[in-house]
Amino acid sequence: MINKRLLNMAPESKKYIAGNVILQWCALAANIVMMTAIADFLALLFGGAEFKAALPGISKAVIAAAAVRFICTVCSSRMGYLSSRIVKKKVRSLIYDKLLRLGADYKEKARTSEVVQVAVEGADQLETYFGAYLPQLFYAMLAPLTLFIVLCFVNIPSAVILAVCVPLIPISIAAVQTWAKKLFSKYWGQYTELGDTFLENLQGLTTLKIYKADEFKNIQMNEKAEEFRRITMKVLIMQLNSITIMDLIAYGGAAGGIIMAANQFLNGNVTLEGCFLIILLGADFFIPMRQLGSFFHIAMNGMAASGKIFNLLDIPEDNRAGKRVSARGCSIECKGLCFSYEAAREILHGIDMVFPERRFTAIVGESGSGKSTIASIIMGRNKGYSGSVSIGGVEIRDADEDSLFRTATYVSHQSYLFKGTVRDNLKMAKPDAPDDELWAMLARVKLADFLRSEQGLDTQLLEKAANLSGGQCQRLALARALLHDSPVYIFDEATSNIDMESEEDIMREIRALAKRKTVILISHRLANVTDAGNIYVMDGGIIAESGSHEELLEKHGLYEKLWRTQSELENYGRRETPA
């Protein structure tokens, strides 16, 4: 069971695998010397001969052989570690590089949870394959041959009996390989599915608690865990049965060799020393193959994991050189844009939009109307659209991703802030920015005073900036976006779920930015878009209306209805109560 592609993926590991095999063979040679010395001693002891004179020489041989075995075993383990370390590092580098090549739209082709599992657990499973199974595979073929040659000089019939029984172990391994391959493939499928469910429930745990749906999800999780337990038990049963078969062959073969050696001794065809040597080395004929059988099941798990890894690495890529998006003339245009997350359910239906350069354009509409999908397409995260979406005359699906991200900056209500310092998070947008420029941006979003009361730019942030309020997180995300200084800015519900003061400060910066940048604002709150040059009103994946705030109110259509509803809700409770 040698996967050439897996071997060629990390060719540097081959020298360590070869070194591992050689060291194990040297340990075997030392063991043969040790067993020969012990057999001679036992023969002298049972023969009634004077053994005191020979004892020092025998003792030295045994001690020297034991020392060689110890050194070879330690070095062999080291070789196994080095080979597996190289492979794990290589696999994770390949996965990471693959995701970079797939780009921002990689989620259309691979699930995040599966990527995490193959990069972590999948790579770890290859540790046994390279560090133990492959060296054992080659050693298991070399060891019986070496022992057969040695014992042929002692007694040929006994050597033949032992050698004939050895191939029965790999035959039994081959017999279960087809079944085991299917079983492990199913095992890994359920394992990744369970991991996907666990990750989703963990990320949405707060929401589940709020809606008291955690018990329902717990039942679902238990059902998937039970399915995984069943497939795990099937794997364990298969392993136990195959190990039992291998043990019967190994012990039966060793017993056959010992019986033959005893019979040959009784018939005078082998000396007492030779009989003892055959008995002592008989088990060594089968131990390498038996050990290989133990590694086989773990290696099969690694092979199943490698299948998942190769599926990820084999995802088709667009190898065409992307067209560079110029920083000048960054108007955005959508023509006949259609998009579907699922083949049977279209989200956008023939959208025509224009976002002029250095203009403030807004997209509004009820939830699920397709607003954020348009932003995601413009940022290159969803390239499976039909129609045309261009920025600066360059089709988004054909654009060079690096130049696209330098041209457009996306800010959402869930902009990710990384664990580390405030300085680290800001410098992602501009690595060479001096501290004075960082403070200037923080002052613009009115976050500087708060940070000066903390540890300044060295203020530590927890994961997702959990130690900041929602408004502070959005202010910091906006400061980072302003530092990026790109020609195009897309704000996707950037003021959702924050306090009124933070919302007003952020909108003030967005309006100021719109005077010199191309700004697209997606908002559910219509009060934030009243001064936009053009407002697109979306409904069910189409453009229901477009125009300025005043023009849309005069049409008495969907926008006017949404505006009136929101105004009534915001003014509710502010009316004066009659005396």
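1. Let me start with the sheet: strand β1 (residues 332–342) runs antiparallel to β2 and is joined to it by seven bridges. Strands here are DSSP E runs of at least two residues, helices are H or I runs of at least four, and both are numbered from the N terminus; two strands pair if DSSP finds at least two bridges between them. This is a predicted model, where local features need pLDDT of at least 70 and side-chain atom pairs count only at pLDDT 80 or more, while totals for chains, interfaces and linings use all residues. Residues are numbered from 1 along each chain as its sequence is written, and side-chain values use heavy atoms, leaving out hydrogens and water.

2. The open sheet has four strands in the order β2-β1-β4-β5, with antiparallel pairing. Its edges are β2 (345–355) and β5 (394–395), each pairing on one side only.

3. Phe-355 deserves a look: this β2 residue is the bridge partner of Ile-332. Phe-355 is also buried, at 0% relative accessible area (buried means under 20%, exposed over 50%, partly exposed in between, with a 1.4 Å probe and protein chains only).

4. The whole structure holds seven aromatic pairs (Phe, Tyr or six-membered Trp rings with centres within 6.5 Å; planes under 30 degrees apart are stacked, over 60 edge-to-face, the rest tilted). Phe-355 and Tyr-536 are edge-to-face, because their planes lie at 65°, with centres 5.9 Å apart.

5. For contrast, Tyr-489 and Phe-491 are stacked, since their planes meet at 10°, with centres 6.0 Å apart. Both residues are buried.
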